[in-house]
Every structure is written in structure tokens, then in C-alpha cells.
Amino acid sequence: MESEYDFEKLAQEIVQDRLRDLPNPAAAAGEIALKIAVPAVTSTRLRQDPRLTVIATCRGVMRGMLLLDQNLGETAVSLLTQMAAISQEADLDPADCMTWTMEGIAPICLMADAQKRDAVVAAIEEHFMGAGEVFRNLLDSAPRA
């Protein structure tokens, strides 16, 4: 699932550069995803599947947060919360955006220990009823990042 544009690296670098010392980095991580994904999808839509752009952006944000040793559960919820705005602004299906976000989150969670993975599943389930099971299935089938 290689994307032509390296939005994953861009997102990771922005997260690592800007969120290191913020009081609420998880909320800021979701905002970064919004600021990257909307213009990225709208500018590359004809050349790259929006799914790849959203997945890469979310994977980069999560990888940056993992490297900063931040709360991955809160970050996942923040990313998923932004999907309504991203889908509206980029003219995408909200359900697709939620799934694509979880597809981006899953491989990074596989790099974390089981306790952190379980915390992400629990956080997703707590805030988005039924999505925890979807995410658990994506974890089981996710490629290693």
C-alpha cells in the first residue's frame, strides 16, 4: 500500500516537531491530521486514492506519537473525532474515513506492547460504540509497520 506522496513521513515529522512539549498532544495530533488530510486529499484526489492519503496521514501521526511515548488511545480517539470534519471538507464518506483512520492506526499499534494496544481498543470502543471490534479485526489483519 505505497502512496505516491509521503504524507506519512510529513505527518510524523510535524507531530515530533510540534507536539513534544504541548499540554494536550493527543488533541493537537487530531488537528494536525485535519490540517494535512484535507488539503492532501483535495490536491491529490485525481492522482492518488483518498484512502491511501488518509491512511498514511493517520499512520504518520500515530507513529510520531508512539515515538514521543504519548497516549495512543487518546490519539486514536482524537484522529477518529476529526474524521467528520475531514470527510465533510474533503467530500468523502464519513464511514470510509473512520475505517481508513483505523487502518492507519492499526499497524502502529502493533509496534506497541499489548497493554497499549488494548488501551487503544478500549478507548475507541468507549467513544465510538461498535468501532472497537472493527479495530480489533483490523489489528488482526494489519501489516507490520
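**Close-up views of a predicted helical model**

View 1. Ser78 counts as buried because its relative accessibility is 11%, where buried means under 20% relative accessible area, exposed means over 50% and partly exposed lies in between (1.4 Å probe, protein chains only). The structure is a predicted model, in which local features need pLDDT of at least 70 and side-chain atom pairs count only at pLDDT 80 or more, while totals for chains, interfaces and linings use all residues. Residues are numbered from 1 along each chain as its sequence is written, and side-chain values use heavy atoms, with hydrogens and water left out. Ser78 is found in helix 4, helices being DSSP runs (H or I, at least four residues) numbered from the N terminus. Leaving aside neighbours within four places in sequence, Ser78 is in contact (heavy atoms within 4.5 Å) with Ala26, Ala27, Ala29 and Gly30. A polar atom of the Ser78 side chain lies 3.2 Å from the backbone nitrogen of Gly30.

**View 2. Helix 4 along its length.** Helix 4 comprises residues 72-89, and its 18 residues reach 25 Å from the first C-alpha to the last, close to the 26 Å expected at 1.5 Å a residue; the expected span is 1.5 Å times one less than the number of residues. A kink of about 35° is centred on Met83, the bend at a residue being the angle between axes fitted to the seven residues ending there and the seven starting there. At the start of helix 4, a side-chain oxygen of Asn71 comes to within 2.9 Å of the backbone nitrogen of Gly73, and the helix is followed by Asp91, whose phi is positive, near 55°.

**View 3. The covered residues of helix 4.** The buried residues of helix 4 include Leu72, Thr75, Val77, Leu79, Met83 and Ile86. Among the elements that cover the buried residues of this helix are helix 2 (25-44), helix 3 (50-67), helix 5 (94-109) and helix 6 (114-127).

**View 4. The largest nonpolar core.** This core has 53 residues, of which Leu19, Val61, Met65, Ile105, Val120, Ile124 and Phe135 touch the most other members; a nonpolar core is a set of buried Ala, Val, Leu, Ile, Met, Phe, Trp, Tyr and Cys residues joined through side-chain atoms within 4.5 Å. At least two residues of the core come from each of helix 1 (7-18), helix 2, helix 3, helix 4, helix 5, helix 6 and helix 7 (131-141), and helix 2 gives the most, with 11 residues. Met65, leaving aside its neighbours within four places in sequence, is in contact with residues including Val15, Leu19, Pro25, Leu72 and Thr75.

View 5. The whole structure contains five salt bridges, each a side-chain nitrogen of Lys or Arg within 4 Å of a carboxyl oxygen of Asp or Glu. In one of them the side chains of Glu8 and Arg59 meet at 2.7 Å, N to O; Glu8 lies in helix 1 and Arg59 in helix 3, so the pair ties together parts that are 51 residues apart in sequence. Glu8 also meets Arg63 in a salt bridge (3.1 Å, N to O), and both Arg63 and Glu8 are buried. Glu103 forms a salt bridge with Arg51, with the closest N and O atoms 2.5 Å apart, and this pair links Glu103 in helix 5 to Arg51 in helix 3, 52 residues apart. Arg51 counts as partly exposed because its relative accessibility is 26%. Through salt bridges that share partners, Glu8, Arg59 and Arg63 are joined into one network.

Technical notes. A polar contact is a pair of N or O atoms within 3.5 Å; within protein, one must be able to donate a hydrogen and the other to accept it, and residues adjacent in sequence count only if both atoms are side-chain atoms.
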